[in-house]
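Student: I am new to this one. Could you take me through it step by step?
Tutor: Gladly. Please bring it up, and then ask away.

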Amino acid sequence: MYDADKRKLLSALCHGSIFFSLLGVSIGIPIAVLLVSDDPVVKENAKEALNFHFNVWLYGIIFGILTWVLIGFVLLAILQVVNIVLPILAILHCLNKSEDAYRYPFIFRLI
């Protein structure tokens with residue numbers, strides 16, 4: 001059996017890493033947790049956090065290009081709200097239901 005407190009902490013840390021502005025830190029934490037942890041729920045949360053990071057970057061690039069036609073500004077604002085709200089929901093889910101991995105809605109899963 002896996003330690004529930006450790007599972008909560010590592011899972012929440014993976015999802016909360018997006019709030020670190022440094023690129024290496026924000027993706028480094030989920031990668032390190034993915035490589036070090038042997039808990040399947042923590043590994044799934046780390047993969048999901050990495051997928052969310054990649055999706056935010058991809059959408060940011062696309063919406064940045066769309067600023068040339070002015071719709072990108074609105075989309076970037078929406079992306080920023082999503083970038084704040086969804087990780088908070090993921091952290092709350094990990095702290096309340098540590099036995100289930102959180103799944104972000106509407107993202108492409110590359111990992």
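Student: Is Asp-39 buried or exposed?
Tutor: First, a note on the source: this is a predicted model, where local features need pLDDT of at least 70, side-chain atom pairs count only at pLDDT 80 or more, and totals for chains, interfaces and linings use all residues. Residues are numbered from 1 along each chain as its sequence is written, and side-chain values use heavy atoms, with hydrogens and water left out. Buried means under 20% relative accessible area, exposed over 50%, and partly exposed in between, with a 1.4 Å probe and protein chains only. Asp-39 has 4% relative accessibility, so the class is buried.

Student: Which residue meets the side chain of Asp-39 in a salt bridge?
Tutor: A salt bridge is a side-chain nitrogen of Lys or Arg within 4 Å of a carboxyl oxygen of Asp or Glu. Here the N to O distance is 2.7 Å. Asp-39 is in the loop between helix 2 (23-36) and helix 3, and the partner is in helix 1 (residues 4-16), 32 residues apart; helices are DSSP runs (H or I, at least four residues), numbered from the N terminus. The partner is Arg-7.

Student: Is Arg-7 buried or exposed?
Tutor: Its relative accessible area is 11%. The cut-off for buried is under 20%. So Arg-7 is buried.

Student: How many salt bridges are there by this rule?
Tutor: One of them joins Glu-44 and Arg-103 at 3.5 Å, N to O. That pair links helix 3 with the segment after helix 4, 59 residues apart. The count comes to 4.

Student: How far apart in sequence are the parts that Glu-48 and Arg-109 tie together?
Tutor: These two form a salt bridge, with the closest N and O atoms 2.8 Å apart. Glu-48 is buried at 1% relative accessibility, whereas Arg-109 is partly exposed at 34%. Glu-48 lies in helix 3 and Arg-109 in the segment after helix 4, so the parts tied together are apart by 61 residues.

Student: Which residues are linked in a network of salt bridges?
Tutor: Glu-44 is partly exposed, with a relative accessible area of 29%. Arg-103 is partly exposed too, at 44%. The network links Glu-44, Glu-48, Arg-103 and Arg-109.

Student: What separates the C-alpha atoms of Phe-54 and Arg-109?
Tutor: Phe-54 sits in helix 3. Along the chain, Phe-54 and Arg-109 are 55 residues apart. Their C-alpha atoms are separated by 9.0 Å.

Student: Where is Leu-70, and is it buried or exposed?
Tutor: Leu-70 is in the loop between helix 3 and helix 4. Its phi is near 70 degrees, a positive value in a residue other than glycine. At 60% relative accessibility, Leu-70 is exposed.

Student: What is the phi of Phe-106?
Tutor: Phe-106 is in the segment after helix 4. Its relative accessibility is 78%, so Phe-106 counts as exposed. Phe-106 is not a glycine, yet its phi is positive, at about 60 degrees.

Student: Which helix gives the most to the nonpolar patch?
Tutor: The patch includes Ile-61, Trp-68 and Val-82. Patch residues have over 30% relative accessible area and no salt bridge; like charges are joined within 9 Å, and nonpolar side chains (Val, Leu, Ile, Met, Phe, Trp, Tyr) within 5 Å. Ile-61, in helix 3, is exposed at 54%. The top giver, with 4 residues, is helix 4.

Key
Accessible areas come from the Shrake-Rupley method with a 1.4 Å probe; for residues, only the protein chains shown count as cover. Helices (H or I, at least four residues) and strands (E, at least two) are DSSP runs, numbered from the N terminus.
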